[in-house]
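Hi,

Here's the structure I said I'd pass along. Have a look at it first, then read my notes below.

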Amino acid sequence: MQLYLDTGNIDEIKEIAAWGVLDGVTTNPTLLSREKDRGDYRALLKEICDVVQGPVSAEVTALDAEGMVRQAQSLSKISEHIVVKIPCIPEGLKAAGVLFEEGIHVNMTLTFSPLQAILAANAGAAYVSPFVGRLDDIGHEGINQVARIREIFDNYGIDTRIIFASTRHPEHVMQAALIGADICTMPAKVFRQMVKHPLTDIGLKRFLDDWEKTGFSIE
Ligand code: E4P
């Protein structure tokens, strides 16, 4: 499963990219609004793309298909790595069809149901992002929607990639992997939680204490 960071923060991106485990980044207007002091939006996206060297989702804000297409064309000029996030609404489907013809990759965002995912795939979206955490927040089992999308896509050999999104905690990442999501996008906090295990810390301390007693040196 590929791992993406869900952030607009360049420091977090550099931190996780340095681990060598970062496949891509997803941003959204809310995440980027937290970076408004970083200067120019396009420059920030360019910097993110240069660090990640993989797919970077950037969202349109227009609500009509024509406007979405115009914004998508403009965003895609920033870098070959840009994937354009389009909301799963009728105008978004229209725009996705046009962008598919133009070879611009679309991530159909704000997707909450398998039916929306089918439409996204049929419109030509390269990625679909079911928002699991937000479904959980309203008392649904978000993971069930991802499982259904996986099953449907497998039934028909649909190659639209499923991004498990709105990830809240490491257990979500586990669910994403077990269900066969292609990608899981998560905040930096979840990456840090994933690598942490108390037995790793205890074990490491014990090894180092024991090594200290030997007086040996590796170099
Ligand atoms: C995905 O692409 C979205 O940016 C994101 O996962 C939304 O997550 P949230 O529900 O934590 O805002």
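Let's start with a bit of backbone: Gly-215, which comes just after helix 11, has a positive phi of about 80°. Keep in mind as you read that this is a predicted model.

Helix 11 itself covers residues 198-214, so 17 residues in total. Counting 1.5 Å a residue, you'd expect a span of 24 Å, and the C-alpha atoms at its ends are 25 Å apart, which agrees.

Now for the ligand. Where does the ligand sit? You'll find it in the largest pocket. Around the ligand are Asp-6, Thr-26, Asn-28, Lys-85, Phe-131, Arg-134, Ala-165, Ser-166 and Arg-168. Sorted by type, the residues of this shell come out as four charged, three polar and two nonpolar.

For a polar side-chain atom of Arg-134, the distance to an oxygen of the ligand is 2.7 Å. In Asp-6, a side-chain N or O atom is 2.7 Å from a ligand oxygen. On its own the ligand has 350 Å² of accessible area, and the protein covers 86% of that.

Cheers

Notes
Residues are numbered from 1 along each chain as its sequence is written. This is a predicted model: local features need pLDDT of at least 70, side-chain atom pairs count only at pLDDT 80 or more; totals for chains, interfaces and linings use all residues. Side-chain values use heavy atoms; hydrogens and water are left out. A residue is near a molecule or strand if one of its heavy atoms lies within 4 Å of it. A polar contact is a pair of N or O atoms within 3.5 Å; within protein, one must be able to donate a hydrogen and the other to accept it, and residues adjacent in sequence count only if both atoms are side-chain atoms. Accessible areas come from the Shrake-Rupley method with a 1.4 Å probe; for residues, only the protein chains shown count as cover. On a 1 Å grid over the protein atoms alone, a cavity is a set of points where a 1.4 Å probe fits but cannot get out, and a pocket is an open set with protein on both sides within 12 Å along at least five of seven lines; lining residues have an atom within 4 Å of a point. A molecule sits in a cavity or pocket if more than half of its atoms lie within 2 Å of its grid points. Ala, Val, Leu, Ile, Met, Phe, Trp, Tyr, Cys and Pro count as nonpolar, Asp, Glu, Lys and Arg as charged, and the others, Gly among them, as polar. Helices (H or I, at least four residues) and strands (E, at least two) are DSSP runs, numbered from the N terminus. The expected span of a helix is 1.5 Å times one less than its number of residues.
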